[in-house]
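Biologist: Hi! I'm new to this one. Could you walk me through it?
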Amino acid sequence: MIWNTVAMTAPDQLKQRVAWALSSIFVVTEEQIGYSEIAEPWGVYFDIFTRNLGQNSLFKDILKSVAYSPLMGIMLTYAGSKSLAYQIERNNAYLYPDENFAREIMQLFSIGLFMLNEDGTRKKDGNGNDIPTYTNEDIVNFSRGWTNFEYAEESRDNIEVQWDQGWVPNFIDPMIHPASEGRDFFPKQTLLVDGKRGYIGDKLPRCDAMPDKAWLRRGAVWEFRPDSQSILGKPDTMWWADPETWTPRMILN
C-alpha cells in the first residue's frame, strides 16, 4: 500500500518509473526466494534504485548495491559461495564457486551476449559470426570474485522477522565479507578487449606500495565495524579472538 502510494503520487514520477524499469531488469521474485509474508526486505531492495537515481549517480553504484543485496544473493545463489581452495582444504571436495551471478551480471545486467556496434547491430568476426562478449572461462574466472558473501549480523531488533519460520537471515543490510577465509584471493583476469587481457585491480596501488604510515596522514578516514554484540552493549564473543575467523574492527576506508 505504501509503495503504491509513493509510486503513483510522488512528485518525482520520472525517477519512480525508471526505478520500476530497473527493478524489472534486476529481478528478485518471491517465487524463487520465498518470504512473501515479510514486506520490509522488498521495499529495501526497491529503494536501491530510487536511492541511486540522483543527479550524480552512476550505473556502477546500482550494480554494486544489487550485488551486495541479500535478496539477490539468494536469487542468484552466490550467497555463501566459497573458493575452490576452501572446499578442498575444509571439506576435501572439489566444489567450484557458484557461477550463477557471475554469468547473469554480464548477460542480463550489463554487456549482454554479443559485442555491438555504435548503431546497436552485432559485430562480426572474419567468418561473419557474432562476436561473444564473454566465454565460459570468463564466467568461471569471475565466479571467484563473488565468493564469501555472507549475510550481515542477524541479531538486530529493529527489522521485520517472521518468527514462525525459525531463523531468518538479515535481508535488510548489505551482505558482508566476514573474513578472508572462503574468499578466493588469487588474481582474476579481465575480459578480452582488443585482443588483450589484464587483471582486476590493475593500476591500483598494492598494500606494500602505499606510503609509510599512510593511515596517519591527514584526510585518512577510519570506520568502525561493530558486531551485534557491541551494539547491544555486550562483551565480544569468543570467536572475535579466534585467528581463524577474526574480522578487523577498524579498517582504512
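Modeller: Happy to! Let's start with Asn148, which sits in the loop between helix H9 and strand S1 (222-224). Helices (H or I, at least four residues) and strands (E, at least two) are DSSP runs, numbered from the N terminus.

Biologist: Is Asn148 buried or exposed?
Modeller: Asn148 counts as buried, at 1% relative accessibility. Buried means under 20% relative accessible area, exposed over 50%, and partly exposed in between (1.4 Å probe, protein chains only). Asn148 also has a positive phi of about 65°, although it is not a glycine.

Biologist: What about Asn92, where is that?
Modeller: Asn92 is in the loop between helix H7 (84-91) and H8. Its phi is near 50°, a positive value in a residue other than glycine. Asn92 is exposed, with a relative accessible area of 69%.

Biologist: Before we go on, where do the numbers come from?
Modeller: This is a predicted model, where local features need pLDDT of at least 70 and side-chain atom pairs count only at pLDDT 80 or more, while totals for chains, interfaces and linings use all residues. Residues are numbered from 1 along each chain as its sequence is written, and side-chain values use heavy atoms, with hydrogens and water left out.

Biologist: Got it. How many helices and strands does the chain have?
Modeller: The chain has ten helices and two strands. From the N terminus on, the order is α-α-α-α-α-α-α-α-α-β-α-β. Of its 253 residues, 32% count as buried.

Biologist: Which residues have the most contacts inside the largest nonpolar core?
Modeller: Those are Phe26, Tyr45, Phe49, Met72, Tyr78 and Phe101, in a core of 34 residues. A nonpolar core is a set of buried Ala, Val, Leu, Ile, Met, Phe, Trp, Tyr and Cys residues joined through side-chain atoms within 4.5 Å. Elements giving two or more residues to this core include helix H2 (13-23), helix H4 (40-51) and helix H5 (59-67). H4 gives the most, with five residues.

Biologist: Tell me about H4, then. Which of its residues are buried?
Modeller: Pro41, Trp42, Tyr45, Phe46, Ile48, Phe49 and Thr50 are buried in H4. They pack against helix H1 (2-9), H2, helix H3 (30-33), H5 and H6.

Biologist: And what does Tyr45 touch?
Modeller: Leaving aside neighbours within four places in sequence, Tyr45 is in contact (heavy atoms within 4.5 Å) with Phe26, Val28, Val66, Ser69, Leu71 and Met72.

Biologist: Switching to H2: is Gln16 buried or exposed?
Modeller: Gln16, found in helix H2, is buried, with a relative accessible area of 9%. Leaving aside neighbours within four places in sequence, its contacts are Val6, Ala7, Ala10, Phe46 and Thr50. Gln16 and Thr50 are 34 residues apart along the chain, and their C-alpha atoms are separated by 6.7 Å.

Biologist: How do H1 and H2 pack?
Modeller: H1 and H2 pack at an angle of about 125°, with their axes 8 Å apart. That makes H1 oblique to H2. Angles under 35 degrees count as roughly parallel, over 145 as roughly antiparallel, 65 to 115 as roughly perpendicular and the rest as oblique. The axes are lines fitted to C-alpha atoms, for helices over the stretch in contact, and angles run from 0 to 180 degrees between N-to-C directions.

Biologist: Which residues meet there?
Modeller: Trp3, Val6, Ala7, Met8 and Thr9 in H1 meet Gln13, Gln16 and Trp20 in H2.
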